[in-house]
Amino acid sequence: MGTLLESIHSPADLKLLNFAQMSELAEEIREFLIQTLSKTGGHLGPNLGVVELTLALHSVFNTPGDKLLFDVSHQAYVHKILTGRRDRFATIRQPGGLNGFMLRTESEHDCFGAGHAGTALSAALGMAVARDLAGGKENVIAVAGDAAFTNGITFEAINNIAEQTKRMIVVLNDNEWSIDRNVGAIASYFHRIVTNEHYNRLHDSAKRIVEKIGGKTALEVARRAEEAAKSMLWPSILFEEFGLQYFGPIDGHNIPLLVETFKFLKTQDRPVLLHILTQKGRGYQPALDGQKKFHGLGPYDADTGLTAPAGKPTYAEVFANTLVSLADKDERIVAITAAMPNGTGLDLFRPHHPKRYFDVGIAEEHAVVFAAGMATRGFRPVCAIYSTFLQRAFDPIVHDVCLQKLPVLFCMDRAGLSGDDGPTHHGLFDIGYLRSIPNMVLMSPKDEDELADMMKTGLELPGPSAIRYPRGTVAGVARKEEPQAIPLGKAEVLKDGSDVAILGLGPMISLALELAARLEHDGFTAAVINPRFIKPIDREMLAAYAGKVSAFVTFEDHVKMGGFGTAVAEALQDLGSAVPVVRIGWPDQFIEHGKIEDLRKKYGLTVDNALAQVLPIIARGKPHALVAG
Ligand SMILES: Cc1ncc(C[n+]2csc(CCOP(=O)(O)OP(=O)(O)O)c2C)c(N)n1
């Protein structure tokens with residue numbers, strides 16, 4: 001690590017540096033990021049792009065008094081490094097270490113937590129209005145990437161800003177990339193501004209002014225830079241119509257220009273939007289060559305950028321390949337992603353059926369209503385949206401899909417604990433929010449072969465359905481040549497038994513099998529059931545086992561409250577059964593980031609825990625029997 005970086009313990013230290021030293025520091029930070037993240041993994045590309053921006057922001061503004069927000073906040077690593085977390089930075093995304101996103105509990109400099117896109121402008125406006133009401137003077141600055149402007153919430157905020165406050169700064173960090181290439185009319189609009197000839201002339205002359213004034217007194221620098229900044233006012237019809245004064249676009253890697261522009265912007269008594277141009281992955285060739293890969297990745301070789309080859313395929317890949325072959329035979333099938341072609345696997349679908357592939361931007365609500373619209377016209381839309389991001393679309397799922405009983409299939413990757421990304425990305429609530437909606441069919445496959453079967457099942461249903469499956473690699477089972485539809489609401493009994501019935505939802509079936517083996521070792525007989533359907537739940541199967549076992553055990557990678565075990569207990573109660581249900585799942589709290597195995601142990605999602613709870617019950621005998629139903 002270079003000497004300058006070692007001297008930065010807080011933003012106050014940064015404020016002692018001149019522009020040349022800040023440039024040197026920028027390069028040290030880049031090297032520090034490349035080396036550190038090669039061991040931990042993380043969002044390297046986005047952070048390499050905002051080094052100068054973050055330095056400029058922290059040298060002009062004073063957090064935590066001033067409020068600095070980052071949209072998504074995957075690009076807030078440099079902010080973390082500058083605000084007293086350099087020493088702990090090597091722990092980022094590691095168990096017990098720094099979170100990969102902004103977290104209010106982690107630092108007073110993190111004024112707003114995030115992880116999902118589109119929230120920065122609304123939250124910043126809330127803070128600006130709170131300041132105005134309280135008679136405060138602090139600055140509020142929201143930094144949002146160009147892809148955040150494909151999001152509805154961002155535009156809902158833009159529609160509201162000028163009406164609510166006179167003082168707020170929005171920084172549009174335009175690198176032309178979302179995780180994939182940014183999409184839609186707004187991306188084209190930004191591109192048109194950037195490539196506009198008139199702007200380019202202005203930009204060059206302004207840049208020359210700022211570059212020429214190096215060495216002059218601070219006052220002179222500020223005065224000339226202010227002129228430069230003003231001369232760069234290039235009306236963007238769009239933002240000006242919304243009442244935001246638009247500045248830019250300016251070079252987001254030019255520290256003096258950024259610093260002087262922020263000094264000028266903070267004097268404005270109208271909300272402003274500064275459009276800056278940055279390069280994602282700047283300073284690291286592998287990240288420039290592999291924009292998608294280096295958006296966020298696991299450990300890599302710092303010299304070459306190479307990552308360890310994946311062994312087995314992922315659920316996302318099986319999903320995508322299955323969808324390709326189903327779509328080969330059925331022209332009604334269309335695939336929709338909300339800015340996640342890579343993560344969901346749909347980038348594998350795109351080349352096969354380019355006309356039936358839709359990336360709608362970071363717009364989950366729109367994705368779902370759009371799917372509903374297509375479904376009314378006879379298409380079979382498949383919405384591939386992570387469990388955590390589908391939370392955004394709860395009302396469209398209720399109001400536009402389920403209420404109208406439209407045949408949309410939701411394929412939810414990352415259902416269950418996400419691991420190092422932490423609480424913003426864990427997919428632990430989808431059963432809770434989907435099971436209660438009438439007309440919804442909800443499934444979870446125990447392995448990749450069953451995922452394909454469930455996709456076929458969902459696509460044959462006359463109404464809505466959803467499949468939840470986890471992040472990461474598949475079980476590695478033999479695959480049938482052709483997927484087969486599964487009878488609606490039928491569980492699969494893997495093994496019969498009469499002391500206890502163990503239900504393992506999805507890949508949690510492995511814990512059910514292990515528990516059964518342990519119980520059998522102790523002289524009990526255990527049935528092992530792959531539920532397959534969370535809704536409709538297999539009541540016939542439950543009634544049959546309620547008549548013979550002393551206890552049910554449920555395993556799920558979901559919160560217990562409102563989850564699968566609850567559904568089992570509810571159904572048993574409806575059946576008049578008093579057989580107890582031992583529910584193994586996540587507790588009623590937000591789970592931190594960490595290694596999945598460690599966290600399962602910590603929160604009791606283990607065979608040991610199940611055993612400790614169920615043994616005393618089955619040892620007592622069998623106080624069951626149906627009393628009604
Ligand atoms: C609601 C929601 N949907 C999807 C994502 C996944 N996601 C994380 S970052 C990102 C792209 C962000 O692009 P941009 O805002 O332009 O920032 P950049 O990474 O280019 O700096 C996406 C789609 C998310 N975080 N939140």
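How many aromatic pairs does the structure hold? There are 21 aromatic pairs, where rings of Phe, Tyr and Trp (its six-membered ring) pair if their centres lie within 6.5 Å.

Before you start clicking: this is a predicted model, in which local features need pLDDT of at least 70 and side-chain atom pairs count only at pLDDT 80 or more, while totals for chains, interfaces and linings use all residues. Residues are numbered from 1 along each chain as its sequence is written, and side-chain values use heavy atoms, leaving out hydrogens and water.

**Stop one: a ring pair.** Select Phe149 and Phe155. Their ring centres are 6.4 Å apart and their planes lie at 85 degrees, so the pair is edge-to-face (planes over 60 degrees apart; under 30 is stacked and the rest tilted). Phe149 is buried at 1% relative accessible area, whereas Phe155 is partly exposed at 24%. Here buried means under 20%, exposed over 50% and partly exposed in between, with a 1.4 Å probe and protein chains only.

**Stop three: another pair.** Move to Phe294 and Tyr300, with ring centres 5.6 Å apart and planes at 75 degrees, so this pair is edge-to-face too. Phe294 is buried at 2%, and Tyr300 is buried at 6%.

**Stop four: two helices.** Finally, select residues 120-134 (α7) and residues 152-164 (α8); helices are DSSP runs (H or I, at least four residues), numbered from the N terminus. They pack at about 20 degrees with axes 8 Å apart. Axes are lines fitted to C-alpha atoms over the stretch in contact, and angles run from 0 to 180 degrees between N-to-C directions.
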